[in-house]
Each structure stands twice: as C-alpha cells, then as structure tokens.
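Please consult the sequence and coordinates shown here alongside the text.

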Amino acid sequence: MNTLAQIRFIWKPIVFIVCLVPAVLVVTDAFEITGRLGANPIEEIQDRFGNWALRFIMITLAVTPLRKLTGRNWLVRFRRMLGLFAFFYAFTHFLVWLLLDQRLLLSAIAEDIFERPFITIGFTALLVLVAMAVTSTLGMRKRLGRRWQQLHYGIYAVGALGVWHYWWQVKLDIGEPLIYACILAALLGYRLWSSRRDKRRRARP
Amino acid sequence: MAEATNPLTLLVVGLYGYALPNQNGAPIRLIVPWKYGFKGIKAIVKISFVDYQPKNSWQMAQSNEYGFYANVNPSVSHPRWSQARERRIGAGLFAEKQPTLMFNGYGEQVAHLYDGLNLRRNF
C-alpha cells in the first residue's frame, strides 16, 4: 500500500467490486446462471443478504484490531466503504422482506415490527445503520463534530442487535448465530483489552 | 383416534407415482393435511397406542411454539410469525401470499372433531 491515489483509484474500486459479488450471485442464481435459489427463493434471498450484512459488520469491526496488530494504518481507508456495504446488505435484506415477502401489506408489516421481538430488534439495528449511512460523508462528519463519533460508535450496538436478531430468528440450530456471537465477542473484547492497556500505559509516569 | 381414523389421514408409501423417496420419509410416512407439516411424521418405525397425550419432538424442543394438535389456524399466530397468510411453494419470486384457510381448507371434514375445544390454548 503506497500512495493515497493508489488506494483511491485502484484498490478501493477493486475491493468495491469484490464486495458486490455476493449480491451479484443472488441475481445470477435467480436466473439459474450460477446456481439456484431453491424452492423458497424469497427466504433464500433474505437469508443471504442478512448473512452478508452480519459478515460486513464483522469485517468493518475487524479493521481497527487488524490495524493495531499489524501496524498497517492504510486499512482504515477502507473502513467506511466496508461499513456502507454492511448497510447496503442490511437495507436490501429489509427491502426484500418489505416488498417480496410482505408485499407492502402495512398491517402485516406493523404487526411484525411491533409484535415479533426479533423483528423489532432487527429494525432497530437497521435504523441505527441508516443514521450512520446518511452521516457517513466527510461533510457530515465536520458538521456534527463530537456527536458524529458518538453516533458512529453505534456500530457496536448494530453488531450486538444483528447477532441477537439472527439468534432469535433461527428455529433450533443456533450454530451460525453462535459463531457470529463469538466473533463479535472477540472483536469487541480486543478493543476493551486494547483500550485498557493504553490507559495503563498512559498512567505510567 | 378420531383424527387417525378420519378418511383424510393417510399412511403414505408413494409420491407422484413413485415409491416414497428417502427425503420424503421412506418407506412409510404420515399425512394429516389439516395440520401443520411437522405432524406428518416421516420414516415411521413404530406405532404405539397410548392412553395419554404423547409429546412430539418439536413440542419437546420448544413447547411454547409447537403443540400437540397443530391444526392449521390462521387466527392463532406462532409466537414469532403470523400464520394468517401463506405462499405456495413453486409460485415464484413475485407471487402474492394467499390467506391461510382454517384447517387448511378441510374444515368440512374435520372441524367437528374439535367441537368445544379452545383452539388457541390447544394449538
């Protein structure tokens, strides 16, 4: 990783395209070019976008630990894009549910959001992601000052709410949600340990 | 026993003109079309006649979500999702959901079996 220009015009576009691959595969699977969506295509699409939203949340949360452990500071240049992809996959997951599954039937949608706890949790996580997405620009960061950072610490809540939403959605096999929970615990645990270590170092005369 | 001897209840050995495949519950399975699918047990190895209400495996796994009767009932939702509407499998990506029918549409044949039973408590 050398110049800022190389990152902006070569590496970020490449990573952008790679991040789109899961979404493209859904489309190609729908037309049976690459694979199949199966007998329950709407559920399959919802599942895939939901899973990738969680994965991108974890990837985004992994940037800072990786940066600290490897000393590769340029990693932070990709963090916003990765976070926005988490938003993209989560929002599409929501849109698929809204348009394909619930077919814009407001009564069923309201019932789900307010009476099914796991959906309430997921919807809350989405609202936080929306707030973070619309304030993700540099202009917004300057405008909001200190509040910007407070809002964007919301990614921790989004991670926890996302895993919780998944955990309460599955029927009996909590294997996958458990894996995400462990990854989240490791990523957040590292931050906790790292910030405590920094405090101790600063406390020493 | 009234449910078992109802003409709609079938012990099934074949599907679409073929012998029952393994994933559909070979060699013999149960079909009770007015109940939720988990009551249609597959790959039956033993049938016992008991004088108490037995538990099924889904009920043992999560009794607040899966009950004994499991009659299709659009007005009683599963704790985590509504049972009011359904989408036909194979209907495609843009298919509408259709309203779920009480007893899956077999009310005429089976509703009398549950006269007086509170179907919300006995889900």
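## Terms and basis

Helices (H or I, at least four residues) and strands (E, at least two) are DSSP runs, numbered from the N terminus. The model is predicted: local features need pLDDT of at least 70 and side-chain atom pairs count only at pLDDT 80 or more, while totals for chains, interfaces and linings use all residues. Residues are numbered from 1 along each chain as its sequence is written, and chains are lettered from A and ligands numbered from 1 in the order in which they are written.

## Fold of chain B

Chain B contains 3 helices and 6 strands, arranged along the sequence as α-β-β-β-β-α-β-β-α. Along the principal axes, its C-alpha atoms occupy a box of roughly 40 × 35 × 30 Å.

Of the 123 residues in chain B, 10% are buried; a residue is buried if 20 or more other C-beta atoms, placed from the backbone, lie within 10 Å of its own, exposed if 12 or fewer, and partly exposed in between. Two residues are in contact if their C-beta atoms, placed from the backbone, lie within 7 Å. Among the contacts in chain B with a separation of 6 or more, 41% join residues 24 or more positions apart.

## Backbone features

The peptide bond between Ala26(B) and Pro27(B) is cis, with omega about 0°. Pro27(B) belongs to the loop between strand E3 (18–19) and strand E4 (29–31) of chain B.

Arg103(A), a residue other than glycine, has a positive phi near 55° and lies in the loop between helix H3 (79–101) and helix H4 (106–115) of chain A. Arg103(A) counts as partly exposed because it has 15 C-beta neighbours inside 10 Å. Asn104(B), likewise not a glycine, has a positive phi of about 55°; its loop runs between strand E6 (98–99) and helix H3 (107–110) of chain B.

## Nonpolar cores

A nonpolar core is a set of buried Ala, Val, Leu, Ile, Met, Phe, Trp, Tyr and Cys residues joined through C-beta atoms within 7 Å. The largest has 32 residues, of which Ala53(A), Phe56(A), Ala86(A), Tyr89(A), Ala90(A) and Leu129(A) touch the most other members. H2(A) gives the most to this core, with 10 residues.

Leaving aside residues up to four places away in sequence, Phe56(A) touches Leu82(A), Phe85(A), Ala86(A) and Tyr89(A). A separate core of 5 residues includes Val32(B), Val72(B), Phe103(B) and Val110(B).

## Interface

At the interface, 10 residues of chain B are in contact with 12 residues of chain A.
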